[in-house]
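I opened the notebook to look up charge pairs and the overall build. Entries follow in the order I checked them.

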Amino acid sequence: MPDHSSRVPVSILDLAAITEGATPADTFRNSLDLARHAEQWGYQRYWLAEHHNMASIASSATAVLIGHIAGGTSTIRVGSGGIMLPNHAPLVVAEQFGTLASLYPGRIDLGLGRAPGTDPTTARALRRDTLGAGTDFPDQVQELQQYLSAENRVNKVRAVPGEGLDIPIWLLGSSTYSAQLAGMLGLPFAFASHFAPTHLQAALHLYRSSFQPSEHLQKPYAAACVNVILADTDEQAQQLATSFHQFALNIIRGTSRPLQAPVPSMDGLWNEMEEEAVQHMMAYSFIGSPATVQKQLQYFLGATQVDELLAVAHIYDHAARLRSYELLAEISKW
């Protein structure tokens, strides 16, 4: 495969994991520390994702947390990966991100998803119209685009701040639906292959084949989110990854608990079917030493030809997570 990595920027998707024995306040301090290091190491952007009712994830008030990270850094782009648009009125999102873009001009991204980012009961508690189940997502996206456009100044309902600001909108997805919509609207697209690997290639193909140039983007721009855990040796990385495997196992089982400490082995913690399910769901996971992961990523980039990588690292120890992203920066050849 060609060495596509030499021209592919790498970014961070931070799920703001709450580790066992810690608090959300600890998570937020660690996220800001990671973002500051990422800025120094040359990462392209730092995204946070909206989730609700999960004991392991603290980024429920995503726009607030984006402001915290942007306020504590100076150059790195900060944004959402993503805001789950069906949970919100488009006007509210336009105002929130208009505020962020006014505070931190030229640095805010708005990634949008059409899933609720939670369970059905919590979705109802968020006052989401569950009858639509995301089917009105295209209309919501276009309503949001209208509020952010300079042309909206003549309308009765206006987003102030927000109107006329340069806030890049991305569509996010784990299937082909948002891929096609992003192509039709001429927007950048990011695929959630870190937990939904099955349709990655189909989504990328559909996005590129359906792409229509727009005022926002002249040619397709696709990113893929993957799990990356690096350490100085393969053995150390595999040990760190047991926290990630426990996290995935809890998803498979439908349980929610903070990110757990690494264990010597997953033997006895999962059965054969659970292990297979975890390995399938987390197929795009690159775990090992710099030499090992660099080869894996080069193959992935050659096979997908994505324009950008978003890396997630479910690592229990903050220092080890910093080290993982530092090593990733070193092998990414900016």
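Which side chain meets Arg 77 in a salt bridge? I found Asp 109, at 2.8 Å, N to O. I took a salt bridge as a side-chain nitrogen of Lys or Arg within 4 Å of a carboxyl oxygen of Asp or Glu. The pair links distant parts of the chain: Arg 77 sits in strand β3 (residues 77-84) and Asp 109 in strand β4 (residues 108-113), 32 residues apart. Strands are DSSP runs of E, at least two residues, and helices runs of H or I, at least four, numbered from the N terminus.

I note the ground rules. This is a predicted model: local features need pLDDT of at least 70, side-chain atom pairs count only at pLDDT 80 or more, and totals for chains, interfaces and linings use all residues. Residues are numbered from 1 along each chain as its sequence is written, and side-chain values use heavy atoms, with hydrogens and water left out.

Next I checked burial (buried is under 20% relative accessible area, exposed over 50%, partly exposed in between; 1.4 Å probe, protein chains only). Asp 109 has 1%, so I log Asp 109 as buried.

I then looked up Glu 308 and Arg 45. Their side chains form a salt bridge at 2.7 Å, N to O. Glu 308 is in strand β9 (residues 308-312) and Arg 45 in strand β2 (residues 45-48), 263 residues apart. Both are buried. Arg 45, Arg 77, Asp 109 and Glu 308 are linked in a network of salt bridges.

Last, I logged the totals. The whole structure holds ten salt bridges. The protein has eleven helices and nine strands.
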